[in-house]
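This report describes the architecture of a single protein chain.

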Amino acid sequence: MTRHDSTDPELRLRGRGATSNEAGRHERHGRTYESDGWAVEADESRLLRTEVSLERPRSVISYNRSPDLPFDRSVNPYRGCEHGCIYCFARPTHAWLGLSAGLDFETRLIARPEAPEVLARELRKPRYRVAPIAIGTNTDPYQPIEHRHGVTRACLEVLSDFNHPVAIVTKGTLIERDLDILTDMARRGLVRVGISITTLEAGLARRLEPRAPAPGRRLAVIGALARAGVPVRIMVSPVVPGLSDHETESILTAGRDSGARAASWIMLRLPREVAPLFRDWLQAHYPERAARVMGLVRAMQGGRDYDPEWGRRMRGTGAYAEMQARRFDIAARRLGLDRAQQPLRCDLFAPPMRAGDQMQLF
């Protein structure tokens with residue numbers, strides 16, 4: 001494989017979200033590209049390629065105590081995400097690997113092929129107490145590399161064997177491949193899925209989320225899940241002020257018509273490195289709207305690009321945020337999407353028997 005330095009400005013960044021690759025915030029030194037004066041003709045060999053490394057995790061269930069999240073544990077089959085969504089709040093996590101939240105996040109990915117074995121081991125621990133596991137809360141479990149590595153499917157097989165409840169969030173169409181598992185788990189009340197759509201406008205979606213499936217294709221996934229009996233929620237996520245905020249009602253309507261029976265929304269979040277990446281993206285693609293977009297963002301975030309306080313970080317505050325919340329509530333109620341989803345069952349959880357295990361008499 002040809003290895004490129006993604007700081008090289010002559011690389012072709014076709015289908016990428018970020019336009020830069022600043023060093024991670026934990027690094028002592030940055031990187032710059034200096035031309036040697038020799039012009040290099042653009043060709044396919046200069047196209048920035050995706051690289052995948054393998055990781056052997058010691059544990060895979062991550063716990064959180066965030067009071068504004070509806071789950072306390074999650075599993076992430078991959079680190080980084082090839083979808084390249086410029087707004088992704090998970091980009092700063094790549095700094096923990098000594099990598100950039102920019103191009104590295106969407107081109108230098110980590111797969112965890114042993115995650116299913118580790119997950120099964122953790123679920124068998126005597127002190128483990130069952131509660132729904134969230135998959136897809138950091139990076140997308142059905143991003144393109146799932147085709148090759150299949151870590152997400154293998155994790156679902158483990159959860160199904162243990163009768164363990166799971167909530168999945170994705171933009172990926174590859175989830176349709178796993179309808180056999182999901183349909184069976186849905187019959188037992190063990191799974192629900194959220195499909196996120198930021199915009200229905202194909203051009204805007206291609207710029208915001210360069211390698212994610214088109215909005216229409218995601219609506220088709222909602223339909224496939226609904227027909228298979230899998231509870232599915234339409235997620236208006238994130239709402240981008242000044243770019244996609246006018247689409248709230250149309251996204252909800254399209255989701256309902258496709259088969260969604262519940263809905264949720266999240267405001268644009270720009271933590272740490274995401275803010276400068278998003279500002280650069282705005283200048284590159286929508287320079288005439290950049291000032292208005294960032295003005296609305298800061299009006300909701302106490303004058304900053306991001307307010308990390310619990311309860312405010314996903315909604316914002318102020319008149320604009322309140323208006324958006326009100327619009328969503330009215331539309332969801334009108335469309336019958338304001339209903340609470342059925343709780344996932346935890347009472348069925350039971351580790352499956354292994355070869356050599358002693359069966360209980362009573």
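## The central sheet

In this predicted model, seven strands form an open sheet in the order β2-β3-β6-β7-β8-β9-β10, and the pairing is mixed. The edge positions are held by β2 (61-63) and β10; each has a single partner strand, so one side of each is left without a neighbour in the sheet. From one strand to the next, the twist averages 25°.

Across the protein, the secondary structure comes to 11 helices and 10 strands. Buried residues account for 51% of the 362 residues. Among contacts with a separation of 6 or more, 81% are between residues 24 or more positions apart.

Strand β3 (residues 73-75) pairs with strand β6 (residues 133-135) in the parallel sense over 2 bridges. Val75 has Ile135 as its bridge partner in β6. Strands β6 and β7 also run parallel and are joined by 3 bridges, with Ala134 opposite Ala167 in β7.

Between β7 and β8, which run parallel, there are 5 bridges. Ala167 has Arg192 as its bridge partner in β8. Together with helix α5 (residues 179-187), β7 and β8 make a right-handed β-α-β unit.

Strand β9 (residues 232-239) pairs with β10 in the parallel sense, over 5 bridges. Within this pairing, Trp265 of β10 is the bridge partner of Val236. The chain passes from β9 through helix α8 (residues 248-258) to β10, and this β-α-β crossover is right-handed.

Although β10 stands at an edge of the sheet, this strand (residues 262-267) is mostly covered, with 5 of its 6 residues buried.

## Helices across the sheet

Helix α2 (residues 115-123) lies across β2, β3 and β6 and runs at about 60° to β2. Helix α8 lies across β8 (191-197), β9 and β10, running at about 160° to β9.

## Nonpolar cores

In soluble globular proteins, nonpolar side chains tend to be buried together. The largest nonpolar core here has 61 residues, of which Leu119 and Leu123 touch the most other members. Beyond its neighbours within four places in sequence, Leu119 is in contact with Val60, Ile61, Val75, Ile133, Cys155, Val158 and Leu159.

A second, separate core contains 28 residues, including Leu48, Val240, Leu270 and Met294.

Is Ser196 buried or exposed? Ser196 belongs to strand β8. Its relative accessible area is 5%, and the limit for a buried residue is under 20%, so Ser196 counts as buried. Not counting residues up to four places away in sequence, Ser196 touches Thr170, Lys171, Arg218, Met235 and Ser237.

Arg312 is placed in the loop between α10 (290-300) and α11 (319-334). With a relative accessible area of 34%, Arg312 is partly exposed. Apart from its neighbours within four places in sequence, Arg312 is in contact with Asp307 and Thr317. From Arg312 to Met300, the C-alpha to C-alpha distance is 9.0 Å, and the two residues are 12 residues apart in sequence.

## Confidence of the model

The protein averages a pLDDT of 90, and 86% of the residues score at least 70. Over residues 33-38, however, the pLDDT is below 50. Beyond near neighbours in sequence, this stretch has 4 contacts in the model.

How values were computed: Residues are numbered from 1 along each chain as its sequence is written. This is a predicted model: local features need pLDDT of at least 70, side-chain atom pairs count only at pLDDT 80 or more; totals for chains, interfaces and linings use all residues. Side-chain values use heavy atoms; hydrogens and water are left out. pLDDT is the predictor's confidence in each residue, from 0 to 100. Contact means heavy atoms within 4.5 Å. Buried means under 20% relative accessible area, exposed over 50%, partly exposed in between (1.4 Å probe, protein chains only). Helices (H or I, at least four residues) and strands (E, at least two) are DSSP runs, numbered from the N terminus. Two strands pair if DSSP finds at least two bridges between them. A crossover is right-handed if, with the strands pointing away from the viewer, the path from the first strand over the helix to the second runs clockwise. Axes are lines fitted to C-alpha atoms, for helices over the stretch in contact, and angles run from 0 to 180 degrees between N-to-C directions. A nonpolar core is a set of buried Ala, Val, Leu, Ile, Met, Phe, Trp, Tyr and Cys residues joined through side-chain atoms within 4.5 Å.
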